[in-house]
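Subject: Handing over the structure, with notes

Dear colleague,

Please find the structure we spoke about below, with the sequence beside it.

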Amino acid sequence: MAIATKIPTKIPRTLVARYLSSASTLADQLPEAPSQPPVPTLDLSDTRQLFASVPTATLLRSLANLSTLAAGPIVDLGAAALRAAAAAPEGRLLPAAVLGVARATVHRHFCAGGGFEEAGRAVEAMWAEQGLRSILDYGMEDAEDGAACDRNLDGFLRTVEMASLRPPTSASVCVKITALCPISLLERASDLLRWKQKDPTFQLPWSTHSFPILCDSSPLYLTPSVPDPLTETQEFDLRLAQQRLSKICHRCAEAGIPLVIDAEYASLQPAIDYFTYSAAIQFNNGDQPMVYGTIQAYLRDSRERMVNAVEAAEREGIPLGIKLVRGAYLTRETNLALSLGVPSPTHGSIQETHQCFDNCAAFLLERVRRGSGAILLATHNVRSGQAAAAKAEELGIGKEDQKLQFAQLLGMADGLSLGLKNAGFQVSKYVPFGPVEQVIPYLLRRAEENRGLLSSSTVDRQLIRKELMRRLATAVVGRT
């Protein structure tokens with residue numbers, strides 16, 4: 001868990017120098033050059049231009065948080081404390097203290113506050129100061145029953161309303177299907193969809209479309225035997241969940257706001273994709289898709305499922321929007337596979353995941369060039385960003401084209417976000433918000449992602465150190 005920091009507006013030079021001195025050998029390190037020459041318009045080496053809109057206090061606070069998150073033992077201790085606080089009864093002194101520390105550190109770093117007004121101000125500030133868009137995520141997931149789903153629906157509808165009051169095109173909205181449909185029902189529906197993939201003659205009376213969801217390389221072993229059909233009550237609850245999603249889609253359509261549906265665990269993903277494609281068929285009319293689904297490139301079956309869905313959408317004349325990510329549930333997927341004694345559904349190495357992401361991105365960019373669908377490339381990897389920017393330039397895709405956007409998480413890969421924005425591309429930050437106790441699952445995933453010296457924040461820290469050293473040198477001796 002990150003150290004709480006309260007940084008004055010004017011920072012003493014001696015404090016800055018002492019903080020940075022141990023990192024001076026890393027200050028000028030940038031990612032290794034890609035095998036092909038970097039795109040001239042996407043240059044992260046000029047940190048003065050890169051961070052021109054970011055105050056020194058903000059850079060120092062980010063560096064302190066990210067550096068602490070790179071310390072594995074501290075992260076492990078903080079994560080255990082957060083899990084214990086989440087499980088403890090309300091009113092306990094120690095859990096309250098843990099949540100207070102989390103609120104001042106990781107929550108402040110990775111989230112845009114605890115409520116709608118704070119999130120709205122964050123959206124406007126990023127748009128006005130840096131020209132970055134926001135993908136608003138009302139941080140709810142893992143609903144256990146219909147009552148919780150209805151409460152979450154109200155929160156998502158308020159998020160759409162809040163986004164509609166922001167400057168035009170500055171915000172879109174993200175939802176998780178696990179917040180709109182009980183997890184147990186998603187598990188049942190996913191089992192039935194997997195069995196349908198095994199046996200095409202298997203009947204699903206509740207299914208409203210035949211859009212391709214799974215493929216032969218999908219982890220069909222998660223359903224080892226024929227599942228029982230849904231009961232009448234379960235079918236009714238499934239329709240209720242679809243109605244919740246449709247209500248959000250209607251509000252987004254009225255406000256002209258894109259809706260991004262997140263991917264989640266592989267055991268639930270078939271049902272999530274079923275919901276996603278149902279909404280896309282209904283609401284993706286015209287040239288620009290409103291509903292975006294998500295493909296996680298760390299899954300072995302991701303490319304085949306993506307290609308099948310894209311080709312089916314082209315046959316049906318539906319503009320398909322896809323957010324491409326690497327994936328955020330690695331530990332969960334690995335542990336589940338081990339417990340079942342089956343192969344992990346994820347690739348065997350990070351290199352395979354990188355290759356899959358880049359291949360999927362190239363495929364989708366080709367489709368965008370042909371006028372088919374839209375892509376939201378969500379990556380923190382500098383090489384992937386450079387490769388995608390180069391491919392878009394090679395294909396003649398205009399940087400103002402709304403069918404190509406990049407995205408990074410709030411509090412991560414800020415250098416890449418600003419570099420892509422400075423190069424002229426459309427860039428969004430994924431902006432979760434909500435009370436700290438509500439977003440603990442999200443914070444734990446971010447802590448895991450940034451854990452260790454070779455974490456995904458390594459480049460962030462290097463770029464920030466380099467810029468802080470440059471500013472220190474300028475302040476001390478007048479060098480630029």
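Strands E1 and E2 pair in the parallel sense over four bridges, where strands are DSSP runs of E with at least two residues, helices are runs of H or I with at least four, both numbered from the N terminus, and two strands pair if DSSP finds at least two bridges between them. Within this pairing, Ile135 has Ser172 of E2 as its bridge partner, and Asp137 has Cys174 of E2.

Before going further, please note that this is a predicted model, in which local features need pLDDT of at least 70 and side-chain atom pairs count only at pLDDT 80 or more, while totals for chains, interfaces and linings use all residues. Residues are numbered from 1 along each chain as its sequence is written, and side-chain values use heavy atoms, with hydrogens and water left out.

The barrel

The two strands belong to a barrel that eight strands close in the order E1-E2-E3-E4-E5-E6-E7-E8, with parallel pairing. From one strand to the next the twist averages 30 degrees, the axes being lines fitted to C-alpha atoms, for helices over the stretch in contact, with angles that run from 0 to 180 degrees between N-to-C directions. In general, the strands of a sheet pair through backbone hydrogen bonds, either parallel or antiparallel.

E2 (residues 171-175) in turn pairs with E3 (residues 259-261) in the parallel sense over three bridges, and Cys174 has Val260 of E3 as its bridge partner.

How far are these strands covered? In E1, six of the six residues are buried, a term that stands for under 20% relative accessible area, whereas exposed stands for over 50% and partly exposed for values in between (1.4 Å probe, protein chains only). Arg133, Ile135 and Asp137 point one way from E1, Ser134, Leu136 and Tyr138 point the other way, and all are buried. E2 is largely enclosed by the rest of the structure, because five of its five residues are buried: Ala171, Val173 and Val175 lie on one side, Ser172 and Cys174 on the other. Cys174 itself has a relative accessible area of 0%.

Helices

Helix H8 (residues 146-164) lies across E1 (133-138), E2 and E8 (426-433), and runs at about 160 degrees to E1. Helix H10 (residues 232-255) lies across E2, E3 and E4 (291-296), running at about 150 degrees to E3.

Helix H3 (residues 56-69) has 14 residues and reaches 20 Å from its first C-alpha to its last, close to the 20 Å expected at 1.5 Å a residue, where the expected span is 1.5 Å times one less than the number of residues. H3 is mostly covered, with eleven of its 14 residues buried, among them Arg61, Asn65 and Leu69.

Backbone points to check

Which residues have a positive phi although they are not glycines? Asp142 is one of them, at about 60 degrees, and Ala413 is another, at about 55 degrees. Asp142 is found in the loop between E1 and H8 and counts as partly exposed at 27% relative accessibility. Ala413, by contrast, is buried with a relative accessible area of 2%, and lies in the loop between E7 (404-409) and helix H16 (414-422).

The chain as a whole

There are 18 helices and eight strands in the chain, and 56% of its 480 residues count as buried. Of the contacts (heavy atoms within 4.5 Å) with a separation of 6 or more, 80% are accounted for by residues 24 or more positions apart. The chain exposes about 21,000 Å², of which carbon and sulfur atoms supply 54%; these areas come from the Shrake-Rupley method with a 1.4 Å probe, and for residues only the protein chains shown count as cover. The structure holds zero disulfides, a disulfide being a pair of cysteine sulfur atoms within 2.5 Å.

With best wishes
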